[in-house]
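Have a look at it first, and then read on.

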Amino acid sequence: MIACIEHPENNLVNWPARYGAEDQPHAPLHQAKSQPGELRKLEKAFFKLYRTQNDEESFSDFVAIFGKRYPLLAYLFFLKDRSKY
């Protein structure tokens, strides 16, 4: 997911670490690489988003993880179904 967000042609999420890595909208993904509990929580959230139809619950899960970073949240849901989101 990090590679997808940081892809050079991705113009939907402003991800460069201009103000430090902690300020990136997807910083929790980088932090989870060294925290197994957080990584597991993210894996569950991504599985729920992309393998179930419970989008409202997935949205709540991602707000809890990333905060109200709507460009990032919109991007994740756009990846799920670009005709719907």
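Phe62 and Phe66 both sit in helix 4, four residues apart, or about one turn of the helix. (Helices are DSSP runs of H or I with at least four residues, numbered from the N terminus.) This is a predicted model, in which local features need pLDDT of at least 70, side-chain atom pairs count only at pLDDT 80 or more, and totals for chains, interfaces and linings use all residues. Residues are numbered from 1 along each chain as its sequence is written, and side-chain values use heavy atoms, leaving out hydrogens and water.

Phe62 counts as buried because its relative accessibility is 0%, and Phe66 counts as buried at 7%. Buried means under 20% relative accessible area, with a 1.4 Å probe and protein chains only.

## Aromatic pairs

The structure holds six aromatic pairs; rings of Phe, Tyr and Trp (its six-membered ring) pair if their centres lie within 6.5 Å. One of them, Phe46 with Phe62, is tilted, at 5.0 Å centre to centre and 55 degrees between the planes. Phe46 belongs to helix 3 (residues 36-51) and Phe62 to helix 4 (residues 55-66), so this pair ties together parts 16 residues apart in sequence.

Phe62 and Phe66 form a stacked pair, 5.9 Å centre to centre with 15 degrees between the planes. Planes under 30 degrees apart count as stacked, over 60 as edge-to-face and the rest as tilted. Ring pairs link Phe46, Tyr50, Phe62 and Phe66 into a cluster.

Note on methods:
Helices (H or I, at least four residues) and strands (E, at least two) are DSSP runs, numbered from the N terminus. Buried means under 20% relative accessible area, exposed over 50%, partly exposed in between (1.4 Å probe, protein chains only).
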